[in-house]
Amino acid sequence: MLRTILALGFAVLYLIVGIPVLGIEYLIGKVNPYKRDISSLRMVQWALGVINRICGVKTTVIGHENIPTDQAVLYVANHNSIFDIIITYSLCPTLTGYISKDDIEKIPLLNIWMRRLYCLFMKRDDMKQGVQVILEGIEQVKKGISMCIFPEGTRGDSEEMIPFKNGSLKIAEKTGCPIIPIAISNTRHILEDHIPRVEPTHVIVQYGTPIYPKELSKEEKKALASTTQNAIQKMLDRAKEPDFTY
């Protein structure tokens, strides 16, 4: 429990200390919006890195070089833990907004930082609002801001993936940006398997070969969700093989 208490304590302290920082960032943005965005990104990544270290999370990253850094992308990942966000966001090389459930928007201060970093909040049971969020994501990608989505729609109760929602990849279909499949292994073991206790865990994050929607046929585009999910599943399966090396 000590790791849990320390991690929560650090997160709360960071959010409180960050209040005047948000004001400074606002002023910086009046002069140089890009500088504000990058500094906000790096500060949050630093904080998430501290939380990972407090919790004893060791991360092995494979295929990070598959991420283009000269254009916005759509990250697509499996989802088993809140640590999926903590870990992968700390690895984003460029500005990236996450599509998150609307419950998180209710958390004071955290919601300000998330909106500051182009995150969007989706209501699971509101199809109209969900469409609007996807449209906002499309506009952000057009402006050069990458997006990350977990197409299962919720965290799974096991490591088995839930079928991806068909409309989840519209951001890539409409903008033509590359899709970066992400396979995240072992994050359930950090917290979800024994809430509220945090356990040191070795997590494997694999970035797959980019999928370019513009290069796909009409039929292939119809199967884009399942194609992306299959790519992620293959990486997850590979991480379980006895001879898997990293």
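1. Helix 1 and helix 2 run roughly antiparallel to each other, a reading that rests on a predicted model. The two helices pack at an angle of about 175°, and their axes are 10 Å apart; because angles over 145 degrees count as roughly antiparallel, the description follows from that value. In the contact of helix 1 with helix 2, the residues divide into 16 nonpolar, three polar and five charged.

2. Turning to the aromatic side chains, the count comes to five aromatic pairs. One of them joins Phe10 and Trp46, whose ring centres are 5.9 Å apart and whose planes stand at 65°, so the pair is edge-to-face. Phe10 belongs to helix 1 (residues 2-31) and Trp46 to helix 2 (residues 33-54), so that this pair links distant parts of the chain, 36 residues apart. Phe10 is buried, its relative accessible area being 18%, a value that falls under the 20% cut-off for that word.

3. A further pair is made by Tyr14 and Trp113, where the ring centres lie 5.8 Å apart and the planes meet at 40°, so the pair is tilted. Since Tyr14 is in helix 1 while Trp113 is in helix 4 (residues 110-116), this pair ties together parts that are 99 residues apart in sequence. Both Tyr14 and Trp113 are buried.

4. These two pairs should be read together, as Phe10, Tyr14, Trp46 and Trp113 form one aromatic cluster.

Key: Residues are numbered from 1 along each chain as its sequence is written. This is a predicted model: local features need pLDDT of at least 70, side-chain atom pairs count only at pLDDT 80 or more; totals for chains, interfaces and linings use all residues. Side-chain values use heavy atoms; hydrogens and water are left out. Rings of Phe, Tyr and Trp (its six-membered ring) pair if their centres lie within 6.5 Å; planes under 30 degrees apart count as stacked, over 60 as edge-to-face and the rest as tilted. Helices (H or I, at least four residues) and strands (E, at least two) are DSSP runs, numbered from the N terminus. Buried means under 20% relative accessible area, exposed over 50%, partly exposed in between (1.4 Å probe, protein chains only). Axes are lines fitted to C-alpha atoms, for helices over the stretch in contact, and angles run from 0 to 180 degrees between N-to-C directions. Angles under 35 degrees count as roughly parallel, over 145 as roughly antiparallel, 65 to 115 as roughly perpendicular and the rest as oblique. Ala, Val, Leu, Ile, Met, Phe, Trp, Tyr, Cys and Pro count as nonpolar, Asp, Glu, Lys and Arg as charged, and the others, Gly among them, as polar.
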